[in-house]
Amino acid sequence: MRCYELQGPDGFASLALVDKPVPTPGPGEVLVRLKAATLNYRDLLTVKGGYGSRQKFPLVPVSDGAGVVEAVGPGVRSFVAGDRVIGSFFENWLGGEPSETRMRSALGGSADGVLTEFRLFPSQALVKTPAHLSDVEAAALLCAGVTAWSAVVKLGNIKPGQIVLTQGTGGVSLFALQIAKLNGARVIATSSSDAKIARLKALGADVTLNYKATPDWGKKAREITGRGVDLVVEVGGVGTLNESIRATRIGGTIAFIGVLAGPPQAELRIPLMVMQQQRLQGTTVGSVEDLQALADAMAASGMKPVIDRTFAFDQVKDAFAHMESGAHFGKIAVAIG
Ligand SMILES: NC(=O)c1ccc[n+]([C@@H]2O[C@H](COP(=O)([O-])OP(=O)(O)OC[C@H]3O[C@@H](n4cnc5c(N)ncnc54)[C@H](OP(=O)(O)O)[C@@H]3O)[C@@H](O)[C@H]2O)c1
């Protein structure tokens with residue numbers, strides 16, 4: 001089988017396409033013929049060598065994949081050959097609270113990922129693909145989809161009529177917009193691009209703000225809502241946190257997810273966060289149970305992820321370059337099989 005390996009810490013120069021034998025499933029394992037993968041910003045950081053000490057070499061990069069069951073090992077009853085399936089970001093976090101053991105094994109980081117034609121998965125870590133989704137669409141759910149689900153539904157506890165603010169038009173943010181709308185919330189969505197803002201409106205954003213043209217977008221969001229938003233899906237990180245604190249209502253939540261905006265430009269307004277009794281909620285993807293809940297919600301509603309573009313398997317480096325350019329709207333995919 002053909003398989004990408006990150007063979008060392010030299011970024012794209014270390015990313016090689018190699019041949020390996022197709023593995024055989026052991027007890028409890030499922031051999032999946034991968035059909036599609038989607039990229040996350042984390043995968044770009046991983047390939048460039050900026051994603052923490054747990055990264056191993058050689059590493060099969062990229063966490064998010066979907067495909068078709070090729071064969072099952074002894075004792076596997078929940079899947080048969082031909083089933084369409086989605087993998088899970090943390091294979092050991094099946095449900096319940098996160099723990100160090102459950103989060104130790106993350107695909108495309110501490111464990112081999114999905115840029116490969118075949119991969120063995122523990123049967124408990126797989127979820128059946130909703131029938132209305134293509135393999136490319138299904139591969140978008142794992143990291144970005146589940147993270148947005150955790151931020152908006154599981155941890156954000158968003159109810160109909162509440163207000164969610166999303167930042168930019170990457171994978172997590174568009175999922176958060178769609179999931180918030182699915183739950184009856186109003187959405188204020190930001191972007192640096194007016195062309196992308198038109199697409200945000202088409203996706204259902206109630207209010208849009210260009211965060212380049214309106215650098216005090218947090219203040220603006222508070223003015224528009226009168227009291228502030230109930231939840232900010234914070235993918236910018238500490239670089240956008242001050243505006244997020246401004247945007248959030250007293251008692252509201254900031255789901256802290258990403259690092260896109262880099263370091264803060266001014267001292268963080270933590271005292272303001274304290275005085276407004278806001279909740280800063282760290283959000284780290286989710287469990288297999290969360291992935292199943294997202295898949296069920298999408299199957300029931302017909303919701304589909306936004307796929308920006310699909311690259312061929314031998315164009316993986318171009319796919320990463322496209323992500324680095326920031327030109328995308330939604331998920332960047334790679335067709336494998
Ligand atoms: N904690 C977790 O479990 C977890 C899970 C998934 C992702 N993440 C993190 O979440 C972040 C988003 O990931 P992703 O995969 O969705 O990224 P992505 O698809 O690469 O998102 C890129 C988009 O984000 C927007 N953006 C960039 N800088 C921004 C800024 N300063 N303010 C507001 N928006 C900005 C831009 O949108 P416009 O072009 O519209 O401006 C850009 O196109 C990353 O930092 C990633 O590492 C964390």
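Is Val285 buried or exposed? Val285 counts as buried because its relative accessible area is 8%, where buried means under 20%, exposed over 50% and partly exposed in between (1.4 Å probe, protein chains only). The model is predicted, so that local features need pLDDT of at least 70 and side-chain atom pairs count only at pLDDT 80 or more, while totals for chains, interfaces and linings use all residues. Residues are numbered from 1 along each chain as its sequence is written, and side-chain values use heavy atoms, with hydrogens and water left out.

Val285 belongs to the loop between strand E13 (279-282) and helix H10; helices (H or I, at least four residues) and strands (E, at least two) are DSSP runs numbered from the N terminus. Its phi is positive, about 45 degrees, although Val285 is not a glycine. Asn157, in the loop between H4 and strand E8 (163-167), also has a positive phi, near 55 degrees. Asn157 is classed as partly exposed because its relative accessibility is 46%. Another backbone feature is the cis peptide bond between Phe57 and Pro58, with omega about -10 degrees. Pro58 sits in the loop between helix H1 (41-48) and strand E4 (64-72).

The ligand is surrounded by 27 residues, each with a heavy atom within 4 Å of it. The closest are Thr169, Ser191, Ser192, Tyr211 and Thr283. Helices H4 (141-154) and H5 (171-182) each supply at least two residues of this shell. A ligand nitrogen lies 2.7 Å from a backbone N or O atom of Thr283. The protein buries 88% of the 930 Å² that the ligand exposes when taken alone, areas being computed by the Shrake-Rupley method with a 1.4 Å probe.

In soluble globular proteins, nonpolar side chains tend to be buried together. Here the largest nonpolar core has 52 residues; such a core is a set of buried Ala, Val, Leu, Ile, Met, Phe, Trp, Tyr and Cys residues joined through side-chain atoms within 4.5 Å. Leu141, Val152, Phe175, Ile179 and Leu200 have the most contacts inside it, a contact meaning heavy atoms within 4.5 Å. H4 gives the largest share of this core, nine residues.

Methods: A polar contact is a pair of N or O atoms within 3.5 Å; within protein, one must be able to donate a hydrogen and the other to accept it, and residues adjacent in sequence count only if both atoms are side-chain atoms.
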